[in-house]
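Q: Could we go through this model together? I would like to start with a helix and then move on to the side-chain contacts.

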Amino acid sequence: MLWIPELILAAVAVFFARRVQRNALDRQAVGKALAGRGAVVAAAIVTAAITLCIWRSLNDVATVHDEASYLLQAQLFARGQWTGPAAPIPAFFEQFHVFVDPVIASKYPPGHSLLLVPGIWIGLPGLVPLLLASACGALVFALARRLTNPWIAVLTFALWLLGRSELRFHSSYFSENTTAFCWLLGFWALLEFRERREASWLALFTGCVAWGGITRPLTMVAYAIPSAVVIVWTLTRHRAWSWRRLAPAAAVGAAIVAILFVDNAKVTGNWRVMPWNVWSQEYMPWDKPGFGMDSTPPRRELPHVMNEFARAFSALHKDYTPANLPRETWDRLAEISESTLGTWRRPDARILLAPFAIIGIILLAWGRPVREGRFALVCAVSLFVAYMSYAHPSGWTLYYLEASWLLPFAAALGLWAALTMAAQRTRVPTAQLLRVASAPATLATAAFLGVMTWFAIPRVNEARYYADISHATLRGWRTAVQGAIPDQRAILFVRYTPTHYVHESLIANDPDLAGARVWIVYDRGAENMKLAAVAPERTLYLFDEQTRMLSRLHRAAARR
């Protein structure tokens, strides 16, 4: 395969990098720019720009069931409520990952939805995910620069930003955007604490872990265990155990974790019982960590679309057994690698970095020349192992978004270390190796950066196309329906086709059902009249997905 445009841009990048190297003033200016705060701000701006370019709107619909659940809970919080009143007849209002009886609330922990509230207040629910993504971009660059040098940081940032997972999931309402920020900011705080041993940095780290914990508990347990070892070792080695240092961190952590117990009490009525567990028991008992399929029937009667969803994913859980664990491990690792470095089946220039990524991982595991790299690698492995307890499609790399920066970092580190060691004819990598201005490593990094500028165009367009496919249908349908129903109060019964796409729901609950203009509910045939009787002031409509027709119903017709 000929990569003519990539080679041309690589040559241009090398040409300019070479000119900068030969001119002391230019070299100093570039070095100063990359080492300053402006570069961190630039990383944040570029991340935000690409994310917004893909999403196109900060007021878009939530397409995946999880996103809709988080968004509904955020809307409740924005109204000053933890839960909403129960739906009039719950069977009509059933929604994935949402309680509709005895309260309306999300099954998920509250951390992510709480952060979404400012965006809800100003009518831009996508604003906070955009800010979280941009902050992650800044932290990825800043961490890579702190651990190595600015050139490695720039290449790390470029590879990370254009990874499949980042392009797909930054422009979404998924909670991993919150935990990724907590993960990266916590890592920075931990580095500062190890250097300064100040109480404020330990408190910040604890706050990050705690907030991540009330967002995605399993993810942050995987992060907290290695972190606790590092903190205990640091305090012991420097004889820094003191209440003045530990008390603020303990207070911050306890205050944040208390939010989770409040959420438990508000949603389930018991501060010790998590909504996630209760919802799973009522709707999808098989949806839990472990091997094999739990055949316990749900406590509720599920709508057809939920049954189809359960049928598809229960088969996935049934096949997830200890005997298949090696294959599942390989498939997941392959998908994670492909997200960052591409694949041999459809190769692009990133695949050339695969051998250097292996070198970088070895160096990180060794702890030389990046001492803190071992901790980052252990955290990433811990996250991967934690989610090996749960059956999911291997391509669903969202669960590893928090540690997705590490493979780009390993590739950039391996490239720099290999070329610098070759140029200096040394066999042992040292920390100084990363600080030396290596001409071959700088030029190679510049070449890959040139390639990435060309690679960015199709990658972003591909992500935009995917976003359009996943958003356009639901966005267009919601807009059309709202415009076609002139009534101030209405009920829209939705009649799904038997082949409805189970990952997309037309049913969406409002945080204030009593005040909602339109109730969008399931069509339940003869039972429709029961709901109509509950709200006699509402006009009745039926949407038939098979014919794509919206029709007004008379109350007599609703009985049929």
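Q: Which residues are buried in helix H6?
A: In helix H6, residues 111-121, the buried ones are Gly-111, His-112, Ser-113, Leu-116, Val-117, Gly-119 and Ile-120. Buried means under 20% relative accessible area, exposed means over 50%, and partly exposed lies in between, with a 1.4 Å probe and protein chains only. Helices (H or I, at least four residues) and strands (E, at least two) are DSSP runs numbered from the N terminus.

Q: Before we go on, what kind of model is this?
A: This is a predicted model, in which local features need pLDDT of at least 70 and side-chain atom pairs count only at pLDDT 80 or more, while totals for chains, interfaces and linings use all residues. Residues are numbered from 1 along each chain as its sequence is written, and side-chain values use heavy atoms, with hydrogens and water left out.

Q: Back to H6: what do its buried residues pack against?
A: They pack against H4, helix H7 (127-147), helix H10 (176-196) and H11. Contact here means heavy atoms within 4.5 Å.

Q: And which residue with a positive phi follows H6?
A: Gly-123 follows H6, and its phi is positive, near 80 degrees.

Q: Now the aromatics. How many aromatic pairs are there in the whole structure?
A: A search of the whole structure gives 27 aromatic pairs. Rings of Phe, Tyr and Trp (its six-membered ring) pair if their centres lie within 6.5 Å; planes under 30 degrees apart count as stacked, over 60 as edge-to-face and the rest as tilted.

Q: What is the geometry of Phe-205 and Tyr-223?
A: Their pair is tilted, with 6.1 Å centre to centre and 50 degrees between the planes. Phe-205 belongs to helix H11 (residues 199-213) and Tyr-223 to helix H12 (residues 217-237), so the pair ties together parts that are 18 residues apart in sequence.

Q: Is Phe-205 buried or exposed?
A: Phe-205 is buried, at a relative accessible area of 5%. Tyr-223 also counts as buried, at 1% relative accessibility.

Q: How are Phe-291 and Tyr-320 arranged?
A: Phe-291 and Tyr-320 form a stacked pair, 5.2 Å centre to centre with 20 degrees between the planes. The pair links distant parts of the chain, 29 residues apart: Phe-291 is in the loop between helix H14 (275-283) and helix H15 (304-319), and Tyr-320 is in the loop between H15 and helix H16 (325-341). Phe-291 is partly exposed at 42% relative accessible area, whereas Tyr-320 is buried at 2%.

Q: Which residues form an aromatic cluster?
A: Phe-384, Tyr-387, Tyr-390, Tyr-399 and Tyr-400 form one aromatic cluster.

Q: Which ring does Arg-146 lie over?
A: Arg-146 lies over the face of Trp-188, 4.5 Å from the ring centre. The charged end of Arg-524 sits over the ring of Phe-92, at 5.7 Å from its centre. The criterion is NZ of Lys or CZ of Arg within 6 Å of the ring centre and within 35 degrees of the ring normal.

Q: Switching to salt bridges: how many does the structure hold?
A: The structure holds 21 salt bridges, each defined as a side-chain nitrogen of Lys or Arg within 4 Å of a carboxyl oxygen of Asp or Glu.

Q: What about Arg-79 and Asp-512: where do they lie?
A: Arg-79 is in the loop between helix H4 (65-78) and strand S1 (84-85), and Asp-512 is in the loop between strand S4 (490-495) and S5, so the pair ties together parts that are 433 residues apart in sequence. Their side chains meet in a salt bridge at 3.6 Å, N to O. Arg-79 is partly exposed at 46% relative accessible area, and Asp-512 is partly exposed at 25%.

Q: With which residue does Arg-164 form a salt bridge?
A: Arg-164 forms a salt bridge with Glu-335, and the closest N and O atoms are 2.9 Å apart. Arg-164 is in helix H9 (residues 164-169) and Glu-335 in helix H16, 171 residues apart.

Q: Which residues are linked in a network of salt bridges?
A: Glu-94, Asp-101, Glu-282 and Arg-300 are linked in such a network.

Q: Finally, in what order do the strands of the open sheet run?
A: The 4 strands are ordered S5-S4-S6-S7, with mixed pairing. Strands S5 (518-522) and S7 (549-553) are the edge strands, each pairing on one side only. Two strands pair if DSSP finds at least two bridges between them.

Q: How many bridges join S6 to S7?
A: Strand S6 (residues 539-544) is joined to S7 by 5 bridges, and the two run antiparallel. Leu-540 stands opposite Leu-553 in S7.
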